[in-house]
Amino acid sequence: MTASASVSVSVSVSARQPVHTHHVEGFGTVTITPVDPAADSALIHSWVTEERARFWGMGEASRELVQEIYEDVDRRTTHHAYMVSRDGAQVALFQTYDCAEDRVSECYEVQPGDVGMHLLVGPSRGGAERGFTGALMGAFIAFVFSDDAARRMVVEPDARNVKAIARFERAGFVLGPEVVLPEIDLPEVYLPAKPARLAFFKAPGAASATG
C-alpha cells in the first residue's frame with residue numbers, strides 16, 4: 001500500500017531539531033525528531049488510516065483528530081512522539097512513554113527504568129526492503145538507552161498482530177504474557193481495551209528481568 005498521493009515525505013516543515021542521529025552501515029542515517037503536531041499531522045494521518053495500520057487503532061480518525069491527539073502527547077512529560085527519517089525521508093512514527101504513567105502499568109509489575117515503545121513504520125516506497133525494520137530498531141534501541149536511567153524497553157503490540165510480535169522477537173525482545181490493556185476514557189483521550197502481548201528488551205548490563 002502507499003500513502004495518499006496528496007501527501008509526500010516532504011509535507012513536514014518543522015523547526016524542531018533532531019534529538020538523536022544514528023548511522024547504520026549499509027542502511028543510511030536514521031534521524032529522530034520530536035513530532036510537530038501541526039506540521040506532521042497530515043503525513044501521520046495518511047499512515048494511521050491505512051488498512052495495514054489497523055492495529056494502531058486510529059483507522060477512522062480525521063486529520064484534525066490526529067493533530068489533537070499528538071498535541072495532547074506533546075503537552076505531556078511522560079509520553080513522547082517522534083518522526084523518524086532515513087537519509088532525510090520520513091519513514092516511521094516512534095513513541096516512548098514512562099510505563100509507570102501508562103495503562104500498561106495495570107498489567108504487569110513495572111520496574112524502575114522501564115520505557116515503553118510504540119512503532120509504526122510508514123508505507124514502503126519501491127517495495128519491501130529486507131532488514132529495513134531491524135535497522136530502524138537498532139537506532140531506536142540506541143536512542144532509548146542513551147539515557148542512563150533507561151534499564152528496559154517494554155512493548156505491548158496487539159496480541160493479534162503476529163507480524164509485529166515476530167518483528168520484536170527478531171530484534172531480541174523476550175516475549176512476556178498476553179494481557180488486556182484497560183480502556184481509557186478521558187476528556188482528552190479515549191483508548192479502547194486491547195488484547196496485547198508484552199515483550200521486553202533489557203539494557204546491556206542491566207539485571208535480568210522479564211516482567
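Where is the place of Ser46? I looked this up first, and Ser46 sits in helix α1, residues 37-48. Helices here are DSSP runs of H or I with at least four residues, strands are runs of E with at least two, and both are numbered from the N terminus.

**Entry: ground rules.** I am reading a predicted model, in which local features need pLDDT of at least 70 and side-chain atom pairs count only at pLDDT 80 or more, while totals for chains, interfaces and linings use all residues. Residues are numbered from 1 along each chain as its sequence is written, and side-chain values use heavy atoms, with hydrogens and water left out.

Entry: I checked the exposure of Ser46 and found it buried, with a relative accessible area of 7%. Buried means under 20% relative accessible area, exposed over 50%, and partly exposed in between, with a 1.4 Å probe and protein chains only. The Ser46 side chain reaches the backbone oxygen of Leu43 at 2.7 Å.

I then turned to Ser41, which also has its place in α1. Ser41 is buried, at 1% relative accessible area. Leaving out residues up to four places away in sequence, I list Asp36, Arg63, Val66 and Gln67 as touching Ser41; contact means heavy atoms within 4.5 Å. With Gln67 there is a polar contact between side chains, at 3.5 Å. A polar contact is a pair of N or O atoms within 3.5 Å; within protein, one must be able to donate a hydrogen and the other to accept it, and residues adjacent in sequence count only if both atoms are side-chain atoms. I also noted that Ser41 and Glu68 are 27 residues apart along the chain, with their C-alpha atoms separated by 8.9 Å.

**Entry: the sheet.** In what order do the strands of the open sheet stand? I read β1-β2-β3-β4-β5-β6-β10-β7, which is 8 strands with mixed pairing. β1 (20-24) and β7 (174-181) are at the edges with a single partner strand each, so one side of each has no neighbour in the sheet. From one strand to the next the twist averages 30°. Two strands pair if DSSP finds at least two bridges between them.

Entry: I found β3 and β4 paired antiparallel over 8 bridges, with Ala81 opposite Gln95 of β4. The two strands form a hairpin with 2 residues between them. Asp87 lies in the loop between β3 and β4. Asp87 is not a glycine, yet its phi is positive, about 50°. Its relative accessibility is 55%, so Asp87 counts as exposed. β4 itself is mostly covered, with 8 of its 10 residues buried.

On to the next pair: β4 (residues 89-98) and β5 (residues 114-121) run antiparallel and are joined by 7 bridges. Gln95 has His118 of β5 as its bridge partner, and Tyr97 has Gly116.

**Entry: β6, β10 and β7.** I counted 4 bridges between β6 and β10, which run antiparallel; Met153 is partnered by Phe201 in β10. β7 and β10 are antiparallel too, over 6 bridges, and there Leu175 is partnered by Ala199 in β10.

**Entry: helices on the sheet.** I see helix α2 (residues 63-75) lying across β3 (79-86) and β4, at about 115° to β3. α3 packs on the sheet and touches β1, β2 (28-34), β3, β4, β5, β6 (152-155) and β10 (194-202), its direction making about 150° with that of β5. Axes are lines fitted to C-alpha atoms, for helices over the stretch in contact, and angles run from 0 to 180 degrees between N-to-C directions.

How many of the 13 residues of α3 are buried? I get 10, so α3 is largely enclosed by the rest of the structure. Among them are Phe132, Leu136, Phe140 and Phe143.

**Entry: helix α4.** Ala164, Ile165 and Phe168 are buried in α4 (residues 162-170). Down the helix axis, these buried residues fall within an arc of 100°, so they line one face of α4; the arc is that of the directions from the helix axis to the C-beta atoms. I found that they pack against β5, α3, β6, β7 and β10. The face turned away from the buried side carries exposed Val162, Lys163 and Arg170. Just after α4, I noted Gly172 with a positive phi of about 105°.
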